Amino acid sequence: MTNLELDRVAFEAAVADQPDRRFGAQAGGRLAGGLRTIAAALIFPAALLLVWLVASLFDLVPAQILPDPRLVLATFQEFLETGELAFHAEISLLRVLQGFALGASAGLVLGIAMGLSRRMRELVEPLFLVIAQVPSLGWIPLVMLLVGIDEALKVIIIAKAAMIPVTINTGKGIGNVPRNYREVGEVLTFGHWLTLTRIVLPASVPTVFTGIRYGLTNAWLALVAVELLASSEGLGYLMVWGRQLFQLDLVIMAMIAVGLIGFILDWSLGRIERRLQRWEAAGA
Amino acid sequence: MTVVTTLPRTDAETPVRRRWNGLILPAVLILLWEGASQSGIVDARLLPSLGVVVERAWTELVAGRLAVDVAFSLARDLAGFALGIPVGLALGLSPTLDRFVGPTFNAAKQIAVFAWIPLISVWFGVGEAAKIAFIALAAFTPVVVNTWTGARSVPRDLAEVAQVLTLNRWQTLIRLEIPSALPSIFVGLQLGLIYSWLATVGAEYFMTIGPGIGGLMTEGREHFHMDLVILGVVLLGGIGLGLNQLAHLLETSALRWKRS
């Protein structure tokens, strides 16, 4: 397995413990077990929260370094009510989706081209991999000098971050379509277009989708970084603002928002992937 | 923030001519670059000629401390590994820890790693300590996740052999559990190497005390020294490539042991 896939396996194993569906008498037992798991999972964070609360209550740590958890909660509520949190979160989400759409589509096109044509791969892949080695953040000064610090900068960097895994995985997925499948197309006298759309693309979907998932994760990571550096709205900006005013409650609130949205983005793609896998397994 | 596989290994039977095809595109681009900057189609400040960039590279390498700083970054990674492996082992080997601490770790893992920077900069400042903390944090996650998975998957029959031989806890640990987790640990180290390099680059933008490639590029950007910026990009790519190859070597050496 490649590094990407091993990481994915580890990720799945560690995060997604899906209980099997059971019915009838066993369902009750399952439910109690599930609740017990959730309870067990909450003990440690609850303990941490308690330590935090105590530290704040007794002023063990200065408030600028560790804000009172109640303050964080209050800030959270305030931002929810005024709609500011939604405003910034929306902006961040919009950016990441724009960049991701751009990068993923470019990645798909390039990946398909590289997967289908050996010539193309020889020509483009070395240069592509070398460019891919430069971390998305590394491009920021260059792109900043070229397009300024507006939306274009963010979308470009996010698109780049999304494009790399999508291209690599698409190329690999298409390249790994077994010879037999293509032979079926030849037997059925499919033309190029039919072979592509009916055989090659569907067969490569699992790998391609892994790439898409990684692309979105990377896009979100890139978004956070870019917003921290060069933005005047969005969740990253909230963190910078809070940091500069030494209002860590703002920073922590934004961090939690970032974590939540990142989780939701990945989880939704994971759901779609699982559904695709069920189709895959059923068809196999 | 990408995890990239290494350069394609050309097959033995690939004719030499085919391998040169990979250089066509870069060569064309370099020609265009030189042409554009020499002929003045593009302003020399926006696109300095290759010679200028190379000259700058030489100056920086000789007079600057770049090499030292890259070495420092690698040393900082070790902190993340040193912390990550024991934690991953503990989580994998102890069902209790897995149940109680595991979910919290998985939740904290969701927070994009750069989101920790403001917090770290308040707690540790913007100097060496902060860089170490951030880079260690970035390396920590993949190392823990992979060590955890590796430690969890000790083969049942081997565990029974250990019982039959009445190995005590310590012996079981170093003779059975750690070796069986080693391939996963290596994968974790490999990913950790890559992620912490990305973190190093990122950290340079935010924690600007001390030399580094990020600082180089920021300075270049602020004074509109395009040659510095381009140099930084090239260096990043080169070092990243080197690290990826190193990580790949680590992986193959580990798997070779497993295969035999």
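Among contacts in chain B between residues at least 6 apart in sequence, what percentage join residues at least 24 apart? The share is 72%. The model is predicted.

Chain B is built from helices. It has eleven of them and zero strands. Along the sequence the pattern reads α-α-α-α-α-α-α-α-α-α-α. Of its 260 residues, 45% are buried.

Now the interface. Here 65 residues of chain B contact 65 residues of chain A.

| Item, chain B with chain A | Value |
|---|---|
| Buried area | about 5,900 Å² |
| Share of that area on carbon and sulfur atoms | 73% |
| Salt bridges | zero |
| Residue pairs in polar contact (both at pLDDT 80 or more) | one |

Several helices of chain B each supply at least two residues to the side that touches chain A, among them helix 1 (16-39), helix 7 (128-152), helix 9 (169-206) and helix 11 (226-259). The residues on that side of chain B divide into 42 nonpolar, 17 polar and six charged.

Next, the nonpolar core. The largest one has 90 residues. Those with the most contacts inside it are Trp220(A), Val224(A), Leu235(A) and Phe114(B). Helix 9 of chain A (residues 192-229) gives the most to this core, with 13 residues. In soluble globular proteins, nonpolar side chains tend to be buried together.

Take Leu235(A). Leaving aside residues up to four places away in sequence, Leu235(A) touches Leu85(A), His88(A), Ala89(A), Ser92(A), Trp220(A), Glu227(A), Ala254(A), Ala257(A), Val258(A) and Ile261(A).

Terms used:
Residues numbered from 1 in each chain as written. Chains lettered and ligands numbered in written order. Predicted model: local features only at pLDDT ≥ 70, side-chain atom pairs only at ≥ 80, totals over all residues. Heavy atoms only, no water. Contact = heavy atoms within 4.5 Å. Buried area = accessible area lost by both parts, 1.4 Å probe. Salt bridge = Lys/Arg side-chain N within 4 Å of Asp/Glu carboxyl O. Polar contact = N/O pair within 3.5 Å; in protein donor to acceptor, adjacent residues only side chain to side chain. Helix = DSSP H or I, 4+ residues; strand = E, 2+ residues; numbered from the N terminus. Nonpolar A, V, L, I, M, F, W, Y, C, P; charged D, E, K, R; others polar. Core = buried A, V, L, I, M, F, W, Y, C linked by side-chain atoms within 4.5 Å. Buried < 20%, exposed > 50% of the residue type's maximum accessible area, 1.4 Å probe, protein only.
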